Amino acid sequence: KSQIFANEFKIDYFCSMIELKENCKLPSEYAEFIGQDYANSTSNKHKKEIGQFFTSKQIAHFMANLAVPKSNKISILDPGCGPAILSCSLIETLTLKCDLKEIDLTLYETDSEIISQTQKVIDFLDSWLTIKKIKLNFSINKSDFILDNSQAFEQNSLFGNVQTKEYDYIISNPPYFKISKSDTRASLAKVLVYG
């Protein structure tokens, strides 16, 4: 009986996900649902350990509306993407403000549990943009942005000795947790952050 119940639950869940995808008009709506679903199925202990608090759609849209269009080809960095609601909101807003042709989107996420869900959101975003004839190039980095870009904290990097990628937009809701002075990230960023 438990196997039958489990299979029925999987079928119901799969059907509700298909229905949800059909009912969501915007990628940010889909990202918000995915984020809420993931947050509800994740322990508070896990969320606390990695400082995970997802942004609501309203806050994401508020942040996105602060962006000013730069050109029809843009690059975006989301260094703590979660379900990518901030990136989705920013892209939706910019498609209304200018005639976008191409987007380079770089996402970072340390929570390996949510990566597959983030991929679903980006697939939804890509389909949404394809209808609008906007090309999306993206990468989802399953790593810590600070650790991956530690060379940017080197003293000589301010004078151009270290190559760093530049972005038109950086949007983020960083993790919220305390780290010790001995934490690798704190050590790497000690030029900018202390105490």
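This is a predicted model: local features need pLDDT of at least 70, side-chain atom pairs count only at pLDDT 80 or more; totals for chains, interfaces and linings use all residues.

Modeller: The structure holds three aromatic pairs.

Colleague: Why is the pair of Tyr30 and Phe124 called stacked?

Modeller: Look at the angle. The planes of Tyr30 and Phe124 are 20° apart, and planes under 30 degrees apart count as stacked. The centres lie 4.8 Å apart, and the limit for a pair is 6.5 Å.

Colleague: What does the pair of Tyr30 and Phe124 tie together?

Modeller: Tyr30 is in helix H2 and Phe124 in helix H6, so the pair links parts 94 residues apart in sequence.

Colleague: How do you know that Tyr30 is buried?

Modeller: Its relative accessibility is 3%, and buried means under 20%. Phe124 has 11%, so Phe124 is buried too.

Colleague: Why is the pair of Tyr38 and Phe54 called tilted?

Modeller: Their planes meet at 45°. Stacked needs under 30 degrees and edge-to-face over 60, so 45° makes the pair tilted.

Colleague: Is Phe54 buried, exposed or partly exposed?

Modeller: Partly exposed, at 28% relative accessibility. The value falls between 20% and 50%. Tyr38, at 8%, is buried.

Colleague: What makes Lys132 count as sitting over the ring of Trp128?

Modeller: Lys132 lies over the face of Trp128, 4.8 Å from the ring centre. The limit is 6 Å.

Colleague: What lines the second largest pocket?

Modeller: The lining has 14 residues, including Phe145 and Asn149. By class, eight are nonpolar, four polar and two charged.

Note on methods. Residues are numbered from 1 along each chain as its sequence is written. Side-chain values use heavy atoms; hydrogens and water are left out. On a 1 Å grid over the protein atoms alone, a cavity is a set of points where a 1.4 Å probe fits but cannot get out, and a pocket is an open set with protein on both sides within 12 Å along at least five of seven lines; lining residues have an atom within 4 Å of a point. Ala, Val, Leu, Ile, Met, Phe, Trp, Tyr, Cys and Pro count as nonpolar, Asp, Glu, Lys and Arg as charged, and the others, Gly among them, as polar. Rings of Phe, Tyr and Trp (its six-membered ring) pair if their centres lie within 6.5 Å; planes under 30 degrees apart count as stacked, over 60 as edge-to-face and the rest as tilted. Helices (H or I, at least four residues) and strands (E, at least two) are DSSP runs, numbered from the N terminus. Buried means under 20% relative accessible area, exposed over 50%, partly exposed in between (1.4 Å probe, protein chains only). A charge sits over a ring if NZ of Lys or CZ of Arg is within 6 Å of the ring centre and within 35 degrees of the ring normal.
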